[in-house]
Amino acid sequence: MTRRAAATLRTVTGLIEHGLVSPEQLPALEKVAARYAVAVTPAVAALIDTSDPHDPIARQYVPSADELVTQPHENADPIGDHAHSPVSGIVHRYPDRVLFKLVHVCAVYCRFCFRREMVGPGKETALSDEAYAGALDYIRTHPEIWEVILTGGDPLMLSARRLKEIMNDLAAIDHVRIIRIHTRVPVADPGRVTDETVAALRVSGATTWVAVHANHPRELTTEARGACARIIDAGIPMVSQSVLLRGVNDDPETLEALMRGFVECRIKPYYLHHGDLAPGTAHLRTTLEEGQKLMQHLRGRVSGLCQPDYVLDIPGGHGKAPVGPQYLSRISEDAEDRYRVADYCGDVHLYPPAE
């Protein structure tokens with residue numbers, strides 16, 4: 001019988017004690033844990049079906065010996081953050097927005113994380129005061145920056161007091177109009193989303209958005225939905241981010257249920273990320289063709305409210321590209337230019353070009 005975790009599980013021994021991995025896995029998983037951080041919160045542990053060796057929640061959070069296998073094309077910085085980091089804590093890849101990496105700790109550590117080499121125990125936990133001041137100075141002196149995206153790590157691991165200070169510092173910069181928070185906390189540790197935390201997110205002078213990360217409909221528990229409702233009821237809009245993962249959400253029914261679940265929570269599906277080329281994550285990645293087929297299925301089966309953008313972060317720091325299925329092509333036939341338009345069933349129709 002599985003023991004209910006009373007605290008976050010951070011060791012392989014703890015995972016064994018709670019029935020999440022078998023004792024025979026200890027030697028291999030100790031090697032994994034020595035390289036990549038482990039943390040499974042009580043909220044997540046309670047969702048794992050220990051009788052299912054392929055449980056989709058466990059695949060996201062519980063370490064696997066497959067993580068010891070690194071493919072030649074995998075990279076410790078798979079989306080090229082370093083190439084666009086002018087000062088510590090800032091990634092300025094797109095003209096009008098920056099990532100502000102405040103902390104390097106998370107409530108949980110996802111096994112597919114593209115920053116898995118940069119977060120967790122043994123890494124710097126947060127920006128130093130000097131680095132924080134330098135990052136703010138960079139934002140102040142670049143008036144093209146309209147949006148600041150707080151990431152890390154997970155910014156909701158900060159205290160409400162510290163979060164409020166940061167939000168006020170950013171909102172005081174005239175050209176910063178949008179502050180976006182990227183977080184896993186409402187799903188992984190919903191109790192951390194207190195009234196004080198929500199109040200800290202609201203500031204004068206800038207609009208706050210929150211992007212929540214979930215990959216399986218079972219993660220949208222009553223508690224997680226309540227945490228998101230506290231944010232939304234305070235007037236803060238939410239969008240979703242998900243990663244397409246083999247054995248987690250790479251089937252039409254699961255992806256449908258996840259996107260519908262977001263919309264039911266008043267969260268607009270935003271991005272479905274193709275798995276990044278992070279070391280030791282090949283066993284969780286799908287092919288692009290599989291992702292495109294799933295998106296084509298969604299297009300025909302669920303409301304437009306439920307449609308995320310399927311995107312690929314181009315290795316080397318070249319940004320995101322939409323990689324969903326293509327429905328339109330142009331042809332010349334019988335001396336007349338026309339478009340070929342495919343519907344969600346795959347049937348092709350002709351459409352005249354503009355005069």
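Where does Cys 110 lie? Cys 110 lies in the loop between strand E2 (97-101) and helix H5 (129-140). Helices (H or I, at least four residues) and strands (E, at least two) are DSSP runs, numbered from the N terminus.

Some ground rules. This is a predicted model, where local features need pLDDT of at least 70, side-chain atom pairs count only at pLDDT 80 or more, and totals for chains, interfaces and linings use all residues. Residues are numbered from 1 along each chain as its sequence is written, and side-chain values use heavy atoms, leaving out hydrogens and water.

Cys 110 is buried, at 13% relative accessible area; buried means under 20%, exposed over 50%, partly exposed in between, with a 1.4 Å probe and protein chains only. Beyond its neighbours within four places in sequence, Cys 110 contacts Gln 60, Tyr 61 and Arg 184. Contact means heavy atoms within 4.5 Å.

Next, Thr 254. Its place is in helix H10 (residues 252-264). Thr 254 is buried, also with a relative accessible area of 13%. Its side chain makes a polar contact with the side chain of Asp 251, at 2.9 Å. That term means a pair of N or O atoms within 3.5 Å; within protein, one must be able to donate a hydrogen and the other to accept it, and residues adjacent in sequence count only if both atoms are side-chain atoms.

Last, the strands. E11 (residues 336-342) and E12 (residues 348-351) run antiparallel, joined by four bridges. Ala 342 has Val 348 as its bridge partner in E12.

How values were computed
Two strands pair if DSSP finds at least two bridges between them.
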